[in-house]
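Reader: Could we go through this model together? I would like to start with charge.

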Amino acid sequence: MATVIRLRREGTKDRPYYRVVVTDKRKRRDGRFIESLGTYDPMKEKDNATIDLERVDYWSSVGAKASETVASLIKKERKKAGAASEVAEG
């Protein structure tokens, strides 16, 4: 089964809210998914995404590909997690 990590739209009209999910590539955007990995709220200014990076690493190791938008969100989360660990150490 070809799996992807992508956004699933939720929320209301003019108030989008997304879940970062792992799903079969052939399913619809808002259809059934395998696992929810986090959320993304584009209406917030700061800290608008929360993603479970351990599960992302697992699904990537199994062969799941992230969409462009999700890949950029993961990159930002890794940067934020790296900065948080530097503050904890120093």
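Reader: How many positive and negative side chains does the protein chain have?
Author: The protein chain carries 21 positive and 15 negative side chains, and the centres of the two sets lie 7 Å apart. Lys and Arg count as positive and Asp and Glu as negative, leaving out His and the chain ends; each charge is placed at NZ of Lys, CZ of Arg, CG of Asp or CD of Glu.

Reader: What is the model's origin, and what are the conventions?
Author: The model is predicted: local features need pLDDT of at least 70, side-chain atom pairs count only at pLDDT 80 or more, and totals for chains, interfaces and linings use all residues. Residues are numbered from 1 along each chain as its sequence is written, and side-chain values use heavy atoms, without hydrogens and water.

Reader: Which pattern does the protein chain follow along the sequence?
Author: The pattern is β-β-β-β-α-β-α, with helices (H or I, at least four residues) and strands (E, at least two) taken as DSSP runs numbered from the N terminus.

Reader: Turning to H1, which of its residues are buried?
Author: In helix H1 (residues 53-62), Leu53, Val56 and Trp59 are buried. Buried means under 20% relative accessible area, exposed over 50%, and partly exposed in between, with a 1.4 Å probe and protein chains only.

Reader: Why do they line one face?
Author: Viewed down the axis of H1, the buried residues fall within an arc of 120°, so they line one face of the helix; the arc is that of the directions from the helix axis to the C-beta atoms.

Reader: And which residues are exposed on the other side?
Author: Glu54 and Ser61 are exposed there. Just after H1, Gly63 has a positive phi of about 120°.
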